[in-house]
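Q: Hi, could you walk me through this structure with me? I'd like to look at a few spots in turn.

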Amino acid sequence: MFSEILEKEKKFFFNSEKEGEKIIDILEKEEITKDEFIKLLYSNDNLILEKIVLKSKIITDRNFGKTILLFTPLYISNYCVNKCLYCGFSALNKDVKRKKLNLNEIEQEMESLKQKGFDTILILTGDDRKNSDIEYIAGAIKIARKYFSEILIEIYALTYEEYKYLVENGLTGVTIYQETYDKDLYDKLHLSGPKKDFYFRVEAPERAIKAGVKEISIGCLLGLNKNFLFDVYLTAIHADYLQREYPDVEISISYPRIQKAEAKIKIENTVSDRDYVKCITSTRILLQRIGINLTTREKEIFRDNLIGLGITRMSAGSKTTVGGYFINAEDTGQFEISDKRSVEDIIWVIKNKGYRPEFTNWVKI
Ligand code: SF4
């Protein structure tokens, strides 16, 4: 389990030399080590960043071809019992209108997304085992099977048996973000609720893999931790560990940056665009075959410029409200979307950049 080596990796990060070896020499290498990755993350020169970006682009084009996979999130419930200080759906937020789609509404939303061309869907709920129990989620997955080849969930951390049950009903992948790998900070940000169990969450990807999912996406929420490079390092090392231990499973990473949402904390630790690009492209140089996802939290022009530099998957036409597509609900979303363009617009941009938008990651058998 990754939790067994987490402390060791934490010490490695803090004790490693952040400077020293010339970055130019590191970039000459075909593959880099984790201490060289740390040096890339800590580099602070614009010319060097250009070289990191160029190398990342070459590796991405070579390993993934000129394609970008499109996916979309579908929020089916926003009931949540957790008190996460950074989230619009937190139980602390008494102003949020709570809503849960019934199976008929879920089908209408899915039909609408299928008509837009999507073949990959990410089903989301808040963390509330009473309002969004496993049977409810299995029901949504069963409907999704009629429309999509790839069905991912981003819900609360489950037991092995629960993941297995969902896999038996058609689940293909799990997205679960640790938010921060700093346990003390994690404790402070999660006031109460099941998500407070740091290790149960860290170990969730492996329980899901053992239960049979083909795809795992992990990530950290940039902006929570003043030392965001620590979280980028730990996320990348976690992905590397999963890829080595479970080579048959597709692993991807996401580094969303925190947005205003209805957060109960003042967002002080903003990560600049420059640092964000450095994190994505340095990760690509370390982990040459993992997927890197980019969400609509990021601004339009910034997303456009990232195409081809390291990312492999983008969300498009996203809504973070429950029933945001067909039913067209206008309630509070989980976070604020920056890129509000339509799927057609995103397709046009990708093509214009010389890349091919893809809707299907694998074909359902
Ligand atoms: S981050 Fe997830 S678990 Fe935490 S409050 Fe938001 S929806 Fe609930």
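**Around Ile-290**

A: Happy to. Setting aside neighbours within four places in sequence, Ile-290 is in contact with Phe-64, Gln-243, Ile-251, Ile-253, Thr-283 and Arg-284. Bear in mind that this is a predicted model.

Q: Where is Ile-290 placed, relative to α12 and β7?

A: Ile-290 sits in the loop between α12 and β7 (291–294).

Q: And is Ile-290 buried or exposed?

A: Buried, because its relative accessibility is 0%.

Q: How far apart are Ile-290 and Ile-251, in sequence and in space?

A: They are 39 residues apart in sequence, and their C-alpha atoms are 5.6 Å apart in space.

Q: Which residues of α1 are buried?

A: Ser-3, Leu-6, Glu-9 and Phe-13. Looking down the axis of α1, the buried residues fall within an arc of 80°, so they line one face of the helix.

Q: What's on the other side of α1?

A: There you find Glu-4, Lys-8, Lys-11 and Asn-15, which are exposed.

Q: And what do the buried residues of α1 pack against?

A: Their partners are α3 (34–42), α9 (198–202) and α11 (228–245).

Q: How about α4, how many residues does it have?

A: Helix α4 has 19 residues, numbered 46–64. From first C-alpha to last, α4 reaches 26 Å, close to the 27 Å expected at 1.5 Å a residue.

Q: Which residues of α4 are buried?

A: The buried ones are Ile-48, Leu-49, Ile-52, Val-53, Lys-55, Ser-56, Ile-59, Thr-60, Asp-61 and Asn-63. Their cover includes α2 (23–28), α3 and α12 (273–286).

Q: Now pockets. How much space lies in the second largest pocket?

A: About 400 Å³. The lining of that second largest pocket is made up of 18 residues, and Asp-240, Gln-243, Arg-244, Leu-286 and Leu-287 lie nearest its centre.

Q: Which element gives the most to that lining?

A: α11 does, with 6 residues. Each of α1, α4 and α11 supplies at least two residues of the second largest pocket's lining.

Q: How does that lining divide into nonpolar, polar and charged residues?

A: For the second largest pocket there are 6 nonpolar, 4 polar and 8 charged residues.

Q: How many cavities of 30 Å³ or more turn up in the whole structure?

A: The search finds 2. The second largest cavity holds about 30 Å³ of space.

Q: What lines the second largest cavity?

A: Its lining consists of Ile-176, Tyr-177, Gln-178, Tyr-181, Arg-201, Val-202, Pro-205, Ile-218 and His-238. By class, that lining has 6 nonpolar, 2 polar and 1 charged residues. The largest share, 3 residues, comes from β4, while β4 (173–179) and α9 each supply at least two.

Q: Last one, on Glu-179: what is its phi?

A: Glu-179 has a positive phi of about 70°, although it is not a glycine. Glu-179 is found in strand β4, and at 8% relative accessibility Glu-179 counts as buried.

Note on methods: Residues numbered from 1 in each chain as written. Predicted model: local features only at pLDDT ≥ 70, side-chain atom pairs only at ≥ 80, totals over all residues. Heavy atoms only, no water. Buried < 20%, exposed > 50% of the residue type's maximum accessible area, 1.4 Å probe, protein only. Helix = DSSP H or I, 4+ residues; strand = E, 2+ residues; numbered from the N terminus. Arc of directions from axis to C-beta. Contact = heavy atoms within 4.5 Å. 1 Å grid on protein atoms, 1.4 Å probe; cavity = no way out; pocket = protein on both sides within 12 Å on 5 of 7 lines; lining within 4 Å. Points joined across faces, edges and corners; volume = space filled by probe spheres on them. Nonpolar A, V, L, I, M, F, W, Y, C, P; charged D, E, K, R; others polar. Expected span 1.5 Å × (residues − 1).
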